[in-house]
Amino acid sequence: MAEHDHDHDHDHGSELSEMQLRVRALETILTEKGYVDPAALDAIVETYETKIGPRNGARIVAKAWTDPAFKQALLADASKAIGTLGRVGDHLIAVENTPQRHNIVVCTLCSCYPWEMLGLPPVWYKAAPYRSRTVKDPRGVLADFGVSLPKETEIRVWDSTAETRFLVLPMRPPGTEGWSEEQLAAIVTRDSMIGTGLPQARP
Amino acid sequence: MNGVHDMGGMDGFGKVEVEANEPTFHHTWEGRVMAMVRAMGANASLNIDMQRFSRESIPPAVYLAASYYKKWFLGLKSTLIDRNLVGADEFAAGRSLRQSAPLPRGTFEMKDVVRVSTRGSFQRDVATPPAFKPGDRVRTRNINPPTHTRLPRYVRGHAGTIERINGSHVFPDSAAHGHGENPQWLYTVVFSAAELWGAGADPTVKVSVDAFEPYLEPA
């Protein structure tokens with residue numbers, strides 16, 4: 001983690017940032033009050049830094065590309081289908097991209113995101129440009145990601161306003177015939193499972 | 001509440017800026033804030049909508065200028081003060097100044113970590129059948145509560161179609177304010193872009209929200 005800590009507001013060396021000091025003080029208070037064990041906080045941080053990330057979702061997408069029965073189960077009830085493979089939260093909905101329809105997921109009100117499938121959301125997903133524009137100008141947002149779709153393709157925007165969570169099942173790209181699940185999982189990007197990217201046979 | 005957090009359809013924020021190889025956290029303190037929010041949420045019974053409302057209530061100018069985890073910190077701080085879990089004087093002092101009652105679920109410890117790493121279920125049974133079925137035309141109500149709601153402004157008063165029933169879930173508008181779970185039927189409602197943004201909108205675009213039954217009336 002330390003290598004990510006050299007920021008632009010004096011977070012390094014002996015000069016501690018205001019936020020670093022405020023957060024450290026709060027952790028001291030919560031610990032002194034017996035509310036939290038700092039080691040358990042370490043474990044939460046470590047979980048999201050090392051165990052939960054987009055590869056969880058990529059594994060599911062790759063399996064859906066190679067196992068038609070699993071794909072059918074995934075689209076019918078994603079939490080149930082994935083629950084047979086490991087832990088997943090409730091209310092997960094997988095939405096399938098097709099030649100006719102492209103799906104893109106946003107949370108206009110906050111930052112709802114399928115954490116267990118994709119890890120913590122990137123900054124852009126939580127920031128005003130994406131949250132404001134995606135529901136009004138999804139093609140413009142896709143252009144910011146370098147994605148251009150045929151003008152007749154239906155675009156479906158899913159605004160995550162409740163505790164349902166959405167995972168986009170992207171289309172398997174051409175040129176991947178005969179690939180193993182593992183090879184396929186390696187080209188399933190985070191953005192392709194949000195709907196702001198498309199998997200490429202050569203990543 | 002009609003806060004600045006309700007951003008759908010606003011203009012002027014510019015392009016989406018993507019950071020290549022973005023780290024999970026940009027500063028060590030961000031991870032600590034995330035972990036404290038999860039831990040206190042779990043063991044102090046601060047439900048997710050209470051936490052959302054605390055962030056929505058950050059003054060708009062501060063909200064827009066603050067980084068994501070700074071908003072989480074500010075929301076957690078106000079929640080802890082409001083619930084007498086930490087005193088404002090203790091925040092100022094940077095240490096605990098008095099003994100506090102144990103949290104409802106006790107100290108957040110290692111054994112609790114797995115529990116907060118998987119989302120719980122928000123499904124709750126209700127006695128009444130759903131008022132709408134897939135294919136029904138509905139209109140979102142023109143509600144403007146100063147309290148927490150999950151019906152974004154950009155869909156209020158608009159006609160859409162029920163696409164699916166997502167079960168009956170904890171109602172955020174009640175749970176955020178400690179008024180109980182008050183479960184309600186939850187629907188995916190789809191709108192055409194023209195319905196939301198007017199004539200000239202991209203005819204290929206459809207937008208859905210997940211809306212609770214009290215947000216809807218027959219169209």
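Predicted model: local features only at pLDDT ≥ 70, side-chain atom pairs only at ≥ 80, totals over all residues.
Student: How many residues of chain B are in contact with chain A, and how much area do the two chains bury between them?
Tutor: Contact involves 90 residues of chain B and 83 residues of chain A. Carbon and sulfur atoms carry 60% of the buried area. The total for the two chains is about 7,600 Å².

Student: How many salt bridges does the rule find across the interface of chain B and chain A?
Tutor: Take E163(B) and R156(A): their side chains meet in a salt bridge, N to O, at 2.9 Å. The rule also finds 42 residue pairs in polar contact across the interface. For salt bridges between chain B and chain A, the count is eight.

Student: Which element of chain B gives the most to the side that touches chain A?
Tutor: Several elements of chain B supply at least two residues each, including α2 (48–56), β2 (159–169) and β3 (184–192). The top contributor gives 11 residues, and that is α1(B).

Student: What is the nearest side chain of opposite charge to D210(B), and how far away is it?
Tutor: D210(B) sits in strand β4 (residues 205–212) of chain B and is buried. Its side chain does have a polar contact of 2.8 Å with that of T188(B), and the residues it touches include D159(A), T161(A) and Y187(B). A salt bridge needs nitrogen and oxygen within 4 Å, and D210(B) has none. The nearest opposite charge is on R156(A), at 6.6 Å.

Student: How far apart are the end C-alpha atoms of helix α3 of chain A, and what span should its residues give?
Tutor: Helix α3 covers residues 54–66 of chain A, 13 residues in total. At 1.5 Å a residue they should span 18 Å, which agrees with the end-to-end distance of 19 Å.

Student: Which elements do the buried residues of α3(A) pack against?
Tutor: Those buried residues include G57(A), I60(A), V61(A) and W65(A). Their partners in chain A are α4, α5, α6, β4, α10 and α11.

Student: Is H91(A) buried or exposed?
Tutor: H91(A) is in the loop between α5 and β1 of chain A, and has a positive phi of about 65° without being a glycine. Most residues other than glycine have a negative phi. With a relative accessible area of 15%, which is under the 20% cut-off, H91(A) is buried.

Notes:
Residues numbered from 1 in each chain as written. Chains lettered and ligands numbered in written order. Heavy atoms only, no water. Helix = DSSP H or I, 4+ residues; strand = E, 2+ residues; numbered from the N terminus. Expected span 1.5 Å × (residues − 1). Buried < 20%, exposed > 50% of the residue type's maximum accessible area, 1.4 Å probe, protein only. Contact = heavy atoms within 4.5 Å. Lys, Arg positive; Asp, Glu negative; His and termini not counted. Polar contact = N/O pair within 3.5 Å; in protein donor to acceptor, adjacent residues only side chain to side chain. Buried area = accessible area lost by both parts, 1.4 Å probe. Lists of a residue's contacts leave out its neighbours within four places in sequence.
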